[in-house]
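Dear colleague,

A summary of the findings follows it.

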Amino acid sequence: MKTLIVLSALGIVTLFAQILRFRRGLFPVILIGLAAAFFVTTLDFNSHAGPLFGMMLFDNYAVSFSCAIILIAFLWFMMARNYFLQETSATDHFALVLFSLVGAVCMVSFSNLTMMFLGIEILSLSVYVLAASDKGNVLSNEAGFKYFLMGSFATGFLLFGITLIYGVAGSFDLATIHTMVATHHEKGLVLAGVLLLLVGLGFKTSLAPFHFWAPDVYDGAPTTVTAYMATVVKTAAFGAFFRLFNTCFPELTPQWAGVLSWIVFFTLFIGNVSAVRQTSIKRLLAFSSIAHAGYIAMAVVAMNGEASARAILYYTLTYSISSITAFTVLHVVTRNTGRDDFGGFEGLSRYNPFLAFVMTIAVLSLAGIPPTAGFFGKYFIFQNAISTHNTGIVIVAVIAALVGVYYYFRIIITMYFKPQVSDIPMPVGTLHQTVLFITTILTLLLGIFPDLILQWI
């Protein structure tokens, strides 16, 4: 609860920054506020606090995911500062991000379906606006509009599913729902509700075939906003996904896991195969984000209690850190060359070895190559699936990962083995250098010492 108070207060302070004329000092205030939010969140470890009349539950699962979300947001603010401070409405943009973090924390700490829905909507409404925040760019306007329309449509499925579950359980409380579902002999309405929830959450996590909005929205939105959607939003969405299904529907796993397995299969296939065909790095990262959603969903299919929770936490955190690196480099390259395709990265190792090096580490992690954190991310996901006898889906995932290696290595080959076609300088600001250094160190450190994360839950 203290986390929600700190983040909400920080968002309100940010809204008044323009009026009270401390816009220039706003950025350090935000970073200090996020650090304070991270600290007060850690105080809830082992507390199992249930504020708001028991509608929230800050158990170790919620605390771990909240810490991960705040850490990613801290790094994201360092990445996005220069872009948003160029806008006259920078305070509004920052406030939207902070309020969306309130929604993200609600999504990973709810114990009542009402709070889950409120968290999703608080997060989604903010991101709809952020996706369209580049008002002079038609593609950004299209991205925001498309995201809003598709998001509203998916919300209908989510609400219909919640309604059917409520019709059976007579309550929005997760523990009550679990008890009623486990003892209810007529499972028809429950299964219908679960499938509708799968559709709604499948949209939020960009699982196929509910992914069709993601490439255009990711491509059209400003690069910094795309990075936010691919990291914080995805982490919160999967945190909510697993919390709901692990708490309420474990007895129905044989029924819904088969459907989700097919969804994972199509997600891995569509995401990786589509990424191979891309000439834009930004669009490639968008399709690869869809593929990574498929890997994470494998842990939900396995439904292996704490083991699945640890695998999801580790994968989402390490994927997000590597993505922050990749999108920061893409943002710098696009800002200096005006290009987000492979041509903008040709010969990058010659005129900025630092950018090429950190991008290489990020790409290797996204591909799952040791000793980066991405290797253990895939290892824990695959190990968890095998332990629950989901060997078939692991075989498909391994093949998909090999396809991913191909298109990720295209980026490395372009940076190191393509001739330099431009003499455009590629200056990197101090803040961007700092965030790239931190994320690269974390990617290597978590690849060598994965237990630093696994012991959280």
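**Aromatic contacts**

Tyr315 is buried, at a relative accessible area of 3%, where buried means under 20% relative accessible area, exposed over 50% and partly exposed in between (1.4 Å probe, protein chains only). The model is a predicted one, in which local features need pLDDT of at least 70 and side-chain atom pairs count only at pLDDT 80 or more, while totals for chains, interfaces and linings use all residues. Residues are numbered from 1 along each chain as its sequence is written, and side-chain values use heavy atoms, with hydrogens and water left out.

The ring of Tyr315 is paired with that of Tyr295; their centres are 6.3 Å apart and their planes at 35 degrees, so the pair is tilted. Rings of Phe, Tyr and Trp (its six-membered ring) pair if their centres lie within 6.5 Å; planes under 30 degrees apart count as stacked, over 60 as edge-to-face and the rest as tilted. Because Tyr295 belongs to helix H13 and Tyr315 to helix H14, this pair ties together parts that are 20 residues apart in sequence. Helices are DSSP runs of H or I with at least four residues, and strands are runs of E with at least two, numbered from the N terminus. Tyr295 is also buried, at 2% relative accessibility.

A search of the whole structure gives 29 aromatic pairs. One of them, Phe245 with Trp256, is edge-to-face, with 4.9 Å centre to centre and 75 degrees between the planes. Phe245 is in helix H11 and Trp256 in helix H12 (residues 253-276), so the contact ties together parts 11 residues apart in sequence. Phe245 is buried at 0% relative accessibility, and Trp256 at 1%. Ring pairs also link Tyr128, Tyr147, Phe148, Phe203, Trp213 and Tyr218 into a cluster.

**Backbone features**

Most residues other than glycine have a negative phi, and most peptide bonds are trans. Two cis bonds may be noted here: Ala208 to Pro209, with omega near 5 degrees, and Pro370 to Pro371, with omega about 5 degrees. Pro209 is in the loop between helix H9 (188-204) and helix H10 (214-220); Pro371 is in the loop between helix H16 (353-367) and helix H17 (373-387).

The loop between H9 and H10 also holds Ser206, whose phi is positive, near 55 degrees. Ser206 is buried, with a relative accessible area of 1%. Met303, in the loop between helix H13 (281-302) and helix H14 (306-337), has a positive phi of about 45 degrees and is buried at 13%.

**Largest pocket**

The largest pocket holds about 320 Å³ of space. On a 1 Å grid over the protein atoms alone, a pocket is an open set of points where a 1.4 Å probe fits, with protein on both sides within 12 Å along at least five of seven lines; lining residues have an atom within 4 Å of a point. Grid points are joined across faces, edges and corners, and the volume is the space filled by probe spheres set on the points.

Of the 18 lining residues, Asp59, Tyr61, Arg243, Asn246 and Thr247 lie nearest the centre of this pocket. H11 gives the most to the lining, with 4 residues.

Kind regards
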